[in-house]
Amino acid sequence: MAVGSEIVTKIKSVKSTRKVTTALEMVSASKIKKAQDQMNASRPYTHKIKQMIGHLAKARPEYKHPFMMEQEANRVGYIILSTDRGLCGGLNSNLFKNAVIHMREWEQKGSEIDVVTVGNKASSTFKSTNVNLKANISSLGDNPELTKLIGVVKVMLDAFENGELSHLYLVFNDFINTMSQKPTIDQLLPLPATEEEAISDNWDYLYEPDAKDVLDHLLTRYVESLVYQGVLENLASEHAARMVAMKSASDNASDLIKDLQLIYNKARQAAITQEISEIVGGAAAV
Amino acid sequence: MATIQCDIVSAEKAIYSGEVAMVVASGVAGELGIAPRHAPLITQLKPGEVRVLFEDGTEQDFYVSGGILEVQPHLVSVLADTAVRADDIDEAAAIQAKEEAERLLKDTDKRQDLARVQADLAKAVAQIQAITRLKKQLKR
């Protein structure tokens, strides 16, 4: 008997969708732990280098590095971090929305926008805009390596050093906890000014081999480490967002199956009732 | 004997942290021995060993493939590079990233302005929010 056979098919298809979303949820749940560990492991370095930059800002260097000074230029640079894959709710859209609002502010001041992207989602969004896509890297995977980021960072640092950019920003999702990730736009260059200028003792480091080389090296590492930390935060955010999105998808699938099952049962019962009354009616007629 | 705090970290993890009597490292300008109350100093490191000498005369060695060493009156910090770095390798990576962008741009014919994209994104976000709200209502 083919009562509600299309409902049965529908239930089957929703069930198999639920299998996929549950699997994705579990994959993300297991990856998030690792991503968080990685994020925490790289924090000491970022902390240390920030501390060093802080010391440096207090010293009175005889040499001012270009990264410490505001450049006269009417271009602004962005390093935009995103995920490679979708199915993570509004994570990327929210981030890009914030970035675009920020960019338009600069655009209205007459600046042009240069962008380098990390991850497929950012490149596919920004390649079709009128911003200047200068470099891209994608497929970083679940173990992002610093070496893969060197290229894209260098493109921007070189542009800044040559006086082509007035500011450089990093756009990424800050991982707060599993339930919340915050779209963040940080200024990388010029180095944000330190609050106090008046330090009493007038000291400076000894530089080996010389101030320029050391600062070049240190500031490049500084920016790279911030970008790397951003990538790790973004990765943890991706898994968290995907886990939550897939969890709600699985829940919805379960609700849908329950509703469909109810409809199916009612239809089946109606059919049986009708058949019985037909038989009874038929017997009475005989 | 006086000691000095020593921290060695790399981008991927913290390697060592503790009180030591002396740190010996190979800077680009030569071997360095850092004892407590050394003058503030920043130097680049050559690939090589960083040796940490403890008060009891024992020592521990770490290999770094370059990095930065900073000395503050009571603190020695070593930022170790994890990767082998050279200017030409960095340059090659930068060129590769640029080419990747050019390749992407080649297969886009029409380009929209930021206002358009902003509107599209706002729409997408609003849709997601609306769906979430709807789902919540349905559940009740």
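Reader: What should I know about numbering and the model before I start?

Author: Residues count from 1 along each chain as its sequence is written, while chains are lettered from A and ligands numbered from 1 in the order in which they are written. The model is predicted, so local features need pLDDT of at least 70 and side-chain atom pairs count only at pLDDT 80 or more, whereas totals for chains, interfaces and linings use all residues.

Reader: Okay, the interface. How many residues of chain A are in contact with chain B?

Author: A contact means two C-beta atoms, placed from the backbone, within 7 Å. Here 51 residues of chain A meet 47 residues of chain B.

Reader: And which element of chain A gives the largest share of that side?

Author: Elements are DSSP runs numbered from the N terminus: helices are H or I with at least four residues, strands are E with at least two. Helix 3 of chain A brings the largest share, nine residues. Elements that each supply at least two residues include helix 2 (43-58), helix 3 (91-108) and helix 6 (211-285) of chain A. By class, the chain A side has 25 nonpolar, 16 polar and 10 charged residues. For those classes, Ala, Val, Leu, Ile, Met, Phe, Trp, Tyr, Cys and Pro are nonpolar, Asp, Glu, Lys and Arg are charged, and the others, Gly among them, are polar.

Reader: Which strand of chain B pairs with strand 6 of chain A?

Author: Pairing needs at least two DSSP bridges between the strands. Strand 6 of chain A pairs with strand 5 (residues 41-53) of chain B, parallel, over three bridges. Tyr207(A), for one, has Ile42(B) as its bridge partner.

Reader: What about the sheet in chain A: what is its strand order?

Author: This open sheet has five strands in the order 3-2-1-4-5, with mixed pairing. Strand 3 and strand 5 (180-189) of chain A are at the edges with a single partner strand each, so one side of each has no neighbour in the sheet. From one strand to the next, the twist averages 20°; angles run from 0 to 180 degrees between N-to-C directions, and axes are lines fitted to C-alpha atoms, for helices over the stretch in contact. Strand 2 (residues 112-118) of chain A runs parallel to strand 3 of chain A over five bridges, and Val115(A) is bridged to Leu133(A) there.

Reader: Now helix packing. At roughly what angle do helix 2 and helix 6 of chain A cross?

Author: Two packed helices are described by the angle between their axes and the distance between the axes. For helix 2 and helix 6 of chain A, the axes cross at roughly 145° and come within 10 Å. Residues that meet include Tyr45(A) and Ile49(A) from helix 2 of chain A, and Leu218(A) and Tyr222(A) from helix 6 of chain A. That contact divides into seven nonpolar, three polar and one charged residue.

Reader: Last one: is Tyr264(A) buried, exposed or partly exposed?

Author: Count the other C-beta atoms, placed from the backbone, within 10 Å of the residue's own: 20 or more is buried, 12 or fewer is exposed, and in between is partly exposed. Tyr264(A) has 18, so Tyr264(A) is partly exposed. Tyr264(A) lies in helix 6 of chain A and touches Gly4(A), Ile7(A), Val8(A) and Ile11(A), leaving out residues up to four places away in sequence. C-alpha to C-alpha, Tyr264(A) is 75 Å from Asp213(A), 51 residues apart in sequence.
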